[in-house]
Amino acid sequence: MFKLWLIPALPFLGFLINGIFGRKLPKAIINAVAIGSVVLAFLWVLKTGAACDWGATPLRSHYFTWIASGAFHVGWDYSIDKLTMIMLMIVTGIGSLIHIYAMGYMEHEEGYYRFFAYLNLFMFFMLNLVLAGNYLLLFVGWEGVGLCSYLLIGFYFVKKSATTAGNKAFIVNRIGDFGFSLAMFLIVINFGTLDFGRVFHLAPGKPVETLTAIALLTLFGACGKSAQIPLYVWLPDAMEGPTPVSALIHAATMVTAGVYLCTRSAVIFLHAPIAMEVVAIVGLTTAVFAATIGLTQFDIKKVFAYSTVSQLGYMFLGVGVGAFSSGIWHLMTHAFFKALLFLGAGSVIHACHGEQDMRHMGGLRKYAPVTMAVLACASLAISGFPGTAGFFSKDAILTAAYAHEPWMYWVGVVTAGMTAFYVWRAFWMTFWGEYKGHGHPHESSWVMLGPLVVLAGLSLAGGFLFNVPKILSTMPGLTPEIEVPNEGMLMGISIAAGLLGIAISYYMYVVNKELPGKITSALGGLYTLVYNKYFVDEAYDSAVVRPLIEGSTAVLWHGVDQGVIDGTVNGVGYEARSIGGLLRRIQSGNIRSYATWVVLGSVALLIVMGFMKGLPQ
Amino acid sequence: MEPSAVLKSLNGGVPITWYLTLSAILFALGVAGFLFRRNIITVFMCIELMLNAVNLSFISFAHQHRQVSGQLFTFFVMVVAAAEAAVGLAIILTVFKNRSTLNIDEIDTLKN
């Protein structure tokens with residue numbers, strides 16, 4: 001057989017070895033185990049793919065029955081179809097590159113083995129997520145990647161901000177997972193199974209209201225994992241983690257799990273038009289909203305974090321307007337160029353001795369030419385420059401949006417312009433002008449640059465090498481590209497928006513450097529609002545977090561715990577003591593009084609026996 | 001007359017009620033002494049008296065029912081009484097050494 005279990009098992013083995021023995025192992029062995037296991041998993045994916053015609057003939061392996069309760073069965077099933085195949089390639093392929101990069105990036109860090117153990121564990125859960133043949137097994141991976149995300153955001157756990165960011169990510173994800181759990185309960189109630197094949201087979205016959213409820217709850221879960229409004233707040237803070245983690249988990253793979261889930265459930269979504277509309281609006285709103293915040297940030301990783309939120313919004317827009325395969329296409333190209341942007345940012349941060357504020361960078365093109373070249377490729381790709389990977393996928397989504405609702409297209413185009421602006425703003429601020437930081441910047445080693453070059457190639461050529469909508473067109477519900485009459489013009493407008501964004505950023509940050517300051521002071525309050533991320537964190541804090549803490553303190557702590565529970569326990573003790581105080585007086589220490597009690601007791605016993613005519617039988 | 005016949009007539013002559021009455025009187029005396037005397041030694045002897053009163057009723061019943069188990073009980077009681085006497089007298093001696101009194105009303109530290 002195909003031994004699908006081997007794909008997740010390899011990273012898991014790596015996790016066990018590095019997690020248990022890593023402390024005592026030399027770095028060479030840790031590297032070999034961590035990177036070897038992921039590369040082997042990638043090779044096994046390739047071998048499996050070649051054997052099953054890249055998912056054209058779906059594979060399915062049932063390993064054992066995990067839960068059996070009456071007629072309800074959940075098996076440990078792995079399955080591969082084209083969608084899974086694409087995800088597997090992205091996860092293991094980009095995962096391998098990032099592992100190699102991390103070997104160089106984390107070289108001088110404490111807890112080297114711990115980092116790679118977590119990273120391998122993440123790979124295991126992520127592969128489990130995409131290989132799963134039913135919702136519950138997917139949920140195992142879903143929760144597992146959340147755990148690893150938490151562990152890796154809080155990797156520098158001596159830093160208070162890192163641990164709080166980890167907690168925030170974990171708790172916000174819990175809220176989304178609650179929605180996903182409810183969706184699964186509804187599926188179990190209405191379908192009696194969680195198996196993908198059977199659910200999607202039965203779905204068309206179910207009432208629209210049920211399917212809408214399931215789809216909306218699924219979307220809520222996806223909003224948590226994929227950082228969409230209203231649950232996007234954790235992703236920018238997640239940048240506290242090491243940069244390879246930001247690239248792998250918080251840009252390329254884990255955060256796209258929500259898009260994967262929605263695409264996997266395409267059949268349910270297609271039968272719930274209202275839910276589709278909500279998905280599109282959530283995606284579009286998030287895309288614009290996050291892009292505007294991205295315009296103003298100065299931390300290079302924060303810029304890319306908001307860009308990730310915005311690009312995920314694009315993917316949801318694609319899903320919402322029915323272009324599932326375009327969403328997955330953008331997922332793939334985004335994985336290429338966003339992983340590259342983050343890894344490039346890591347290289348820049350490395351070059352500037354840990355500095356992340358772009359105002360203290362500048363002029364790096366002289367010191368880090370390779371990093372500059374690869375980041376230029378990624379920036380072109382995300383701006384939708386013609387021919388690059390991002391151009392194809394973004395254009396496919398925007399065209400589909402136009403076919404659905406023209407205004408969505410226009411909002412998307414404006415967002416594309418903003419995206420181009422803030423990414424190139426970061427580029428100019430980092431590489432042009434004079435170096436304003438401390439120390440001497442230096443280029444990174446080739447261990448780090450190698451993966452960057454590969455990713456740069458993919459960012460440029462990935463779009464026409466892998467035409468995802470064409471590959472996925474045979475899958476049920478995943479229609480090929482939607483044809484629109486004046487497609488050429490739409491394409492031209494979106495290209496123009498991207499180029500305009502680049503041009504404006506060049507003018508503002510290279511030619512006329514006084515301009516940004518003037519615009520900032522001219523905008524005044526509006527700028528402050530956007531720079532502070534619309535005060536969403538503060539609003540959540542006062543609307544949800546504070547009331548929850550204060551309510552819990554007043555009701556649960558002081559009321560229930562101290563009042564009811566402690567009160568009962570202490571009350572019982574107090575009463576026992578006061579009754580004991582009365583009984584204590586019997587024990588006088590006088591032997592004759594004891595004797596009197598004994599005699600009186602005996603007499604009482606005799607009297608009772610007399611009344612009962614002998615001992616009770 | 002043969003000795004067994006003498007015994008038989010004697011046994012028939014004294015009814016079991018008399019033995020039991022004697023036993024009850026002895027027991028009551030023991031209880032009264034236990035309750036009203038203050039000297040530990042006397043109290044102790046009263047306890048022995050109660051034990052022996054019970055022994056007497058055991059023996060009487062055993063004889064009347066022609067069963068040996070009552071007599072066996074008596075032996076047990078005697079063994080326990082002997083052991084108790086040894087321990088009890090030792091305790092009394094120690095108490096007297098420490099407190100120079102044998103009045104039980106004055107020995108009441110173990111209270112509350």
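Helix axes are lines fitted to C-alpha atoms over the stretch in contact, and angles run from 0 to 180 degrees between N-to-C directions. On that basis, in this predicted model, H3(A) packs against helix H19 (residues 446–465) of chain A at about 150 degrees, with the two axes 7 Å apart. Angles over 145 degrees count as roughly antiparallel, so H3(A) is roughly antiparallel to H19(A).

**H3(A) and H19(A)**

- The crossing of H3(A) and H19(A) is left-handed.
- On the H3(A) side, the contact is made by Leu97(A), Ile98(A), Ile100(A), Tyr101(A), Met103(A), Gly104(A) and Tyr105(A).
- H19(A) contributes Val447(A), Met448(A), Gly450(A), Pro451(A), Val454(A) and Leu455(A) to this contact.
- By class, the contact of H3(A) with H19(A) holds 11 nonpolar residues, two polar and no charged.

**H14(A) and H18(A)**

- Helix H14 (residues 300–320) of chain A packs against helix H18 (residues 406–431) of chain A at an angle of about 160 degrees, and their axes are 11 Å apart.
- That angle makes H14(A) roughly antiparallel to H18(A).
- H14(A) and H18(A) cross in the left-handed sense.
- From H14(A), the contact takes in Ile300(A), Val303(A), Ser307(A), Ser310(A) and Leu317(A).
- From H18(A), the contact takes in Met408(A), Gly412(A), Thr415(A), Thr419(A), Tyr422(A), Val423(A), Ala426(A) and Thr430(A).
- Seven nonpolar and six polar residues, with no charged ones, make up the contact of H14(A) with H18(A).

**Helix H2 of chain A and its surroundings**

- Helix H2 of chain A covers residues 27–51, and its 25 residues should span 36 Å at 1.5 Å a residue. The end C-alpha atoms of H2(A) are 35 Å apart, which agrees with that expectation.
- The buried residues in H2(A) are Ile30(A), Asn31(A), Val33(A), Ala34(A), Ile35(A), Ser37(A), Val38(A), Ala41(A), Phe42(A), Val45(A) and Thr48(A).
- These buried residues pack against four elements of chain A, namely helix H1 (6–21), strand S2 (72–80), helix H3 (82–105) and helix H4 (112–131).
- Ile17(A) is found in helix H1 of chain A. With 21 other C-beta atoms within 10 Å, where 20 or more are needed, Ile17(A) is buried.
- Ile17(A) and Ile30(A) are 13 residues apart along the chain, and their C-alpha atoms are separated by 8.5 Å.
- After H2(A) comes Asp53(A), which has a positive phi, near 55 degrees.

**An open helix in chain A**

- Helix H22 of chain A (residues 515–523) has nine residues, of which the number buried is zero, so the helix lies largely in the open.
- Just after H22(A), Gly524(A) has a positive phi of about 60 degrees.

- Chain B has four helices and zero strands, and its elements run α-α-α-α from the N terminus on.
- Of the 112 residues in chain B, 7% are buried.
- Among contacts in chain B between residues at least 6 apart in sequence, 48% join residues at least 24 apart.
- Between the chains, 10 residues of chain A are in contact with 10 residues of chain B.
- The chain A side of this contact divides into three nonpolar, five polar and two charged residues.

Note on methods. Residues numbered from 1 in each chain as written. Chains lettered and ligands numbered in written order. Predicted model: local features only at pLDDT ≥ 70, side-chain atom pairs only at ≥ 80, totals over all residues. Buried ≥ 20, exposed ≤ 12 C-beta atoms within 10 Å, placed from the backbone. Helix = DSSP H or I, 4+ residues; strand = E, 2+ residues; numbered from the N terminus. Contact = placed C-beta atoms within 7 Å. Expected span 1.5 Å × (residues − 1). Parallel < 35°, antiparallel > 145°, perpendicular 65-115°, else oblique. Left-handed = near helix turned anticlockwise from the far one by under 90°. Nonpolar A, V, L, I, M, F, W, Y, C, P; charged D, E, K, R; others polar.
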